[in-house]
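Student: I am new to this structure, and I would like to learn how to read it one feature at a time. Could we look at it together?

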Amino acid sequence: MAEQKRDYYEVLGVDKNADDAAIKKAYRALAKKYHPDMNPGDADAEKKFKEASEAYAVLSDPDKKRQYDQFGHAAFEGGAGGAGGFDFSGFDFGDIFGDLFGFGDLFGGGRSRGASNGPMKGANLRTSVRITFEEAVFGCKKEIELNVKETCATCNGSGAKPGTKTETCSKCGGKGQVVFTRHSGFGMVRSVEACPDCQGTGKVIKEKCADCHGTGYIPMKKRYSVDIPAGIDNGQSTRMPGLGEPGVNGGPRGDVLIEVIVGRHPIFQRQDFDIYSTVPISYAVAALGGEIYIDTVDGKVIYDVKPGTQTDTKVRLRGKGVPSWRNKDVRGDHYVTLVVQVPDKLKPEAKELLRQFDELTGGSLNAVKASAEQEGDGKDPKDSKDSGKKKKFWK
């Protein structure tokens, strides 16, 4: 008994109302996951790849999709070739596989993609630099040292020994590209890639320059001054264009990307463009109000604490945060948490004043004693057998 086919929409994992873009996106993901070239020797992956390709061939074609929606798999029974009897002839997968794998001609078609021997930009170089919290906020200048490739003065960048010339590559005929043929689940796949002998230049060097060994460049260390913009955050990078690896076939140099590592601050913490800190205040200032100093990245500022301020009260200092990358005149805010400090050492005179203060503000120091006397028989709790022992209110 023949194996029953799965619903095409189920195969691709899309809804029956999915549009062309959603269908294509779903198929691309499955094709990349199960393509035979990515899973050599895996029969199950090849089966799933063919199943997904068959589903896509139907659902991406308006006429076939209409027939399938009306009659299901019966609409294509009796077809020749393909996976499970479906006919793939005339269907162009080139766009899908060209995007996914860089493959060019598929099934002998005329589509060609891949490497080019034209000018190409050089690779980027990466390095890092450490800065302080304040330097990240306001920006700074830092010096970095890079290993760069400078044009060889002996051969003027040709890589050939002085007095000799480069020759046309015999493998690619000077095109810089070669065609490779691979077997896939549907037949032969041809891909165009850079020539391995000349690295896509189309030229080979028979006699190499002794100084640069045929590369055309001499590695050397150089120091550069880099501008770190105000507002940069830890892990972000700034770019120095044109200082990276040399280009290919006359292409421009790549860039240098400098990752910034920001040191921790003993007081401040940062979130996006806002700064956070905690400031202790005395009990007297919290109760009576008064002016205090608050440290900010701009220096100390005076803040007037309101009477009766509770611990963990948060205040906002507008415009005292981190400048924006786009406009350094636009800054975040500084949020301060006020924490009331309780003194751990008091002189006898201060203790007596606090007792007097307590009596005038509710007598909290004797609240337990007063409550026991009010609820009990009038005996002093100190006279009980449990005096000095802590009562447990839990098991």
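Tutor: Let us begin with strands: two strands pair if DSSP finds at least two bridges between them, and helices (H or I, at least four residues) and strands (E, at least two) are themselves DSSP runs, numbered from the N terminus. This is a predicted model, in which local features need pLDDT of at least 70 and side-chain atom pairs count only at pLDDT 80 or more, while totals for chains, interfaces and linings use all residues. Residues are numbered from 1 along each chain as its sequence is written, and side-chain values use heavy atoms, with hydrogens and water left out.

Student: In what sense do strand E10 and strand E11 pair, and over how many bridges?

Tutor: Strand E10 (residues 269-271) and strand E11 (residues 274-282) are antiparallel and share three bridges, with Gln-269 standing opposite Tyr-276 in E11. The two strands form a hairpin with two residues between them, and Asp-272 in that turn has a positive phi of about 60°.

Student: Which way does E11 run relative to strand E15?

Tutor: E11 and strand E15 (residues 334-341) run parallel and are joined by eight bridges; Ser-282, for instance, has Gln-341 in E15 as its bridge partner.

Student: What is the order of the strands in the open sheet that three strands form?

Tutor: The order is E1-E9-E8, and the pairing is mixed. Strand E1 (125-131) and E8 stand at the edges with a single partner strand each, so one side of each has no neighbour in the sheet. Neighbouring strands of this sheet are turned by 30° against each other on average, direction ignored; here the axes are lines fitted to C-alpha atoms, for helices over the stretch in contact, and angles run from 0 to 180 degrees between N-to-C directions. Within the sheet, E8 and E9 pair in the antiparallel sense over four bridges, and Thr-238 has Ile-258 in E9 as its bridge partner.

Student: How should I read a helix, and which residues of H2 are buried?

Tutor: A length check comes before the faces: the expected span of a helix is 1.5 Å times one less than its number of residues. Helix H2 (residues 20-34) has 15 residues and should span 21 Å, which agrees with the 21 Å between its end C-alpha atoms. Next comes burial, where buried means under 20% relative accessible area, exposed over 50%, and partly exposed in between (1.4 Å probe, protein chains only). In H2, the residues Ile-23, Ala-26, Tyr-27, Leu-30, Ala-31 and Tyr-34 are buried. Seen down the axis of H2, these buried residues fall within an arc of 130°, so they line one face of the helix; the arc is that of the directions from the helix axis to the C-beta atoms. The face turned away from the buried side carries the exposed residues Ala-21, Lys-25, Lys-32 and Lys-33.

Student: What can bring two side chains together as a charged pair?

Tutor: Side chains of opposite charge can pair when their charged atoms come close. The term salt bridge is used for a side-chain nitrogen of Lys or Arg within 4 Å of a carboxyl oxygen of Asp or Glu, and the structure holds 22 salt bridges. One of them joins Asp-69 and Lys-65, at 3.3 Å from N to O. These two residues are four apart in helix H4 (residues 62-71), which means that about one helical turn separates them. Asp-69 is partly exposed at 43% relative accessible area, whereas Lys-65 is buried at 16%.

Student: Which parts of the chain does the salt bridge between Lys-149 and Glu-245 tie together?

Tutor: The side chains of Lys-149 and Glu-245 meet at 3.1 Å, N to O. Lys-149 lies in strand E2 (residues 140-151) and Glu-245 in the loop between strand E8 (237-240) and strand E9 (256-262), so the pair ties together parts that are 96 residues apart in sequence.

Student: How many disulfides does the structure hold?

Tutor: A disulfide is a pair of cysteine sulfur atoms within 2.5 Å, and the structure holds zero of them. The sulfur of Cys-169 has its closest cysteine sulfur in Cys-172, 3.7 Å away, which is too far for a bond. Likewise, the sulfur of Cys-195 is 3.7 Å from the closest cysteine sulfur, in Cys-198, again too far for a bond.
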